[in-house]
Every structure is written in structure tokens, then in C-alpha cells.
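Biologist: I am new to this structure. Could you walk me through how its strands get their labels?

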Amino acid sequence: VSIFFGNVLAAKQKKRRLNSEPDYNRIWPGTELPESAETRIAHQVVEEMRQRNVFISVDIHNNTGLNPHFACINSLQPEYLHLASLFGRLTVYFLRPKGVQSAAFARICPAVTLECGKPGVQFGVEHALDYLDTCLHLTHLSQRLPAAHDIDLFHTVALVKIRDDVEFSFDNDSADLKLSINLERLNFTEINAGTSFGVVKPDTAMPLYCKDENGMDTTEKYFIINNQQLVTKTAVMPSMLTLNETIIRQDCLCYLMERIKLPGWK
């Protein structure tokens, strides 16, 4: 068993990252970030694990919003789906953002990211430990697709960010964008077109932007301003919405997902 601890300096301060450094889950091979000491370390870790002929890779995360526990994968091959389903029914397939640990390791072995809820919650710790114990007893991963009734599979179709020049808040009425205080309750809920994310200040242009997994701008597909309300333009399922303004600025506002079915599923 090889264990890599992430950004311990930031973790000590209960932060995702320090302002002086990159996001440690964006520095892995395939990243769009410029080369740095951190990207070189990540590359060395992957090459070391490649030489060890690793069986599986598990990346364990907490998050800040009201999210259920779920697993993320970067490949729809049966082994990856089975590895995810051992954690629970909810599975998210994504190709963006780039430079994440699971995507780098998915090139050399079945890899999964576990989202274990908020820090400090004992159930998240126990769930992760139970999962690791299961993995340590695996001798192989099935090469047959899981049954459709055994997994709820979603595809991340857009990454949503607030523009850098936009002032946003959850409680400041004078901000360019006042987000709904109940926003994080929309996580993993299939919402209809016309669902409001917040109020836009008069004469403010679209305050956020969306990119699909190919990096193409898809903002107009998913959001519109209607009577100063920032509303969804189509039915989607958001994830990773949070009330933590620092996380929103450092990472993103949310991801948008769609339910998918694999060939052979009814």
C-alpha cells in the first residue's frame, strides 16, 4: 500500500490551498497549469506508482457543501464502474477539470475519487475506511458492466465558474451577484429549467461562465438572466454547490450533470 498525503500546509490551516500555491488536485499529469515544483512532484509520484504496477488508485476527498457521498471516475470501462460501485450507488463520470489525480492514474490502473462529505464528520471517515478495507481484500475487478439497477450514473457536462471581475455574496444586497442562501440544497437534485441561483444587479452582464469537457463555452446553453434572476435554461443536476465563498473563488461555483445510460442498459 502506498499513501500520498496532499497539501498538508493548507490542511493545517483548514484550507483547500494557500494563496501562494496551486491546487493540489490540478497539478497531476494532464494538467493545464504551467510547470512548477508541485507538478514535477505529481509526475514523479505517478511514475513511481507505474513502476510498482499498481492494482487500483483511490483518491479520498472531503468537500464543503451539502453533498451525499459519491464516487468519481474518468473512464466508463467495467473495472472503473465496479470500483466506484463498491463505495455506493452514486457515480459521476467526468473529463474536466484537467490535472486531477484520478485522471492521471486512470492511465495506468482503475482509479476512483471518493467524495466523503464535510471534514470532521465521523461517518465520512468510517465510510472511507470500510471502502479501503474492501479494496485491500480484492483479488480482481469484474470486466462485466454493473447492472443498471446497481448504479446511478451521471456525466459532468459543464464546469461553472463566477467571472473574476464579478463581486458575489450570499448576504450583500449590493453585490453584482447575490447567490441564494439555499443554493447548496440543490446538490444532486434534478432541477427544472427556470430554477433561480440568485439575483443579478441591474446592468450586470452574465456573471458566470460554463465550459464543457472539451473546454468550449456553453454558458448560453445552461443559464439566462430573467428579470434580474439568474436562472437555469434547461433541466440539469448540480453538484458541489457550497456556501463557502473562498472555495467558490478558488475552485468553482458548481458542476452540472446529466444522467446517462450505458449500451446494454434498458
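Biologist: Which residue in β5 is the bridge partner of T91?

Modeller: In β5, that partner is L153. This is a predicted model, where local features need pLDDT of at least 70, side-chain atom pairs count only at pLDDT 80 or more, and totals for chains, interfaces and linings use all residues. Residues are numbered from 1 along each chain as its sequence is written, and side-chain values use heavy atoms, without hydrogens and water.

Biologist: What makes β3 and β5 (residues 152-162) a pair?

Modeller: Strands pair if DSSP finds at least two bridges between them. β3 and β5 have four bridges, in the parallel sense, so they pair. Strands themselves are DSSP runs of E with at least two residues, helices runs of H or I with at least four, numbered from the N terminus.

Biologist: How does β2 (residues 70-73) connect to β3?

Modeller: Three bridges join the two, which run parallel, and I73 stands opposite Y93 in β3. The chain crosses from β2 through helix α3 (residues 78-85) to β3.

Biologist: Why is this crossover called right-handed?

Modeller: Because, with the strands pointing away from the viewer, the path from the first strand over the helix to the second runs clockwise.
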